[in-house]
Amino acid sequence: MPVFALALAAAVIGLERLVEWQFGALGVIGCVLLSVGVKAKNITCSCIGAVVLTMLIV
């Protein structure tokens, strides 16, 4: 179990670095809003995160 948690943490940190490199700090904020909204089952928060990420891609 600790190996799985360590691998998952490494993957999350890698994804965060990739998003920050590609889209800057606003991309990280969008990812955080999206993931917090999904975890908390808050549709408003997840929609705002999705919109931020979409606007950065477009």
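**Reading a helix pair**

User: In this predicted model, what is the handedness of the crossing of helix 2 and helix 3?

Analyst: The crossing of helix 2 and helix 3 is left-handed, and as background, the secondary structure of this protein comes to 3 helices and 0 strands, running α-α-α from the N terminus on.

User: How are two packed helices described, and what are the values for helix 2 and helix 3?

Analyst: In general, two packed helices are described by the angle between their axes together with the distance between those axes. Here helix 2 (residues 25–40) packs against helix 3 (residues 43–57) at an angle of about 150 degrees, and their axes lie 7 Å apart. Because angles over 145 degrees count as roughly antiparallel, helix 2 and helix 3 are roughly antiparallel to each other.

User: Which residues of helix 2 and helix 3 meet?

Analyst: On the helix 2 side they include Leu26, Gly30, Leu33 and Gly37, and among their counterparts in helix 3 are Cys45, Ile48, Gly49 and Leu56. Sorted by class, this contact of helix 2 with helix 3 has 12 nonpolar, 5 polar and no charged residues.

User: Which residues of helix 2 are buried, and what covers them?

Analyst: The buried residues of helix 2 are Gly27, Val28, Gly30 and Gly37, and what covers them includes helix 1 (2–23) as well as helix 3. For the protein as a whole, 16% of the 58 residues count as buried.

How values were computed: Residues are numbered from 1 along each chain as its sequence is written. This is a predicted model: local features need pLDDT of at least 70, side-chain atom pairs count only at pLDDT 80 or more; totals for chains, interfaces and linings use all residues. Side-chain values use heavy atoms; hydrogens and water are left out. Axes are lines fitted to C-alpha atoms, for helices over the stretch in contact, and angles run from 0 to 180 degrees between N-to-C directions. Helices (H or I, at least four residues) and strands (E, at least two) are DSSP runs, numbered from the N terminus. Angles under 35 degrees count as roughly parallel, over 145 as roughly antiparallel, 65 to 115 as roughly perpendicular and the rest as oblique. A crossing is left-handed if the near helix is turned anticlockwise from the far one by less than a right angle, and right-handed if clockwise. Contact means heavy atoms within 4.5 Å. Ala, Val, Leu, Ile, Met, Phe, Trp, Tyr, Cys and Pro count as nonpolar, Asp, Glu, Lys and Arg as charged, and the others, Gly among them, as polar. Buried means under 20% relative accessible area, exposed over 50%, partly exposed in between (1.4 Å probe, protein chains only).
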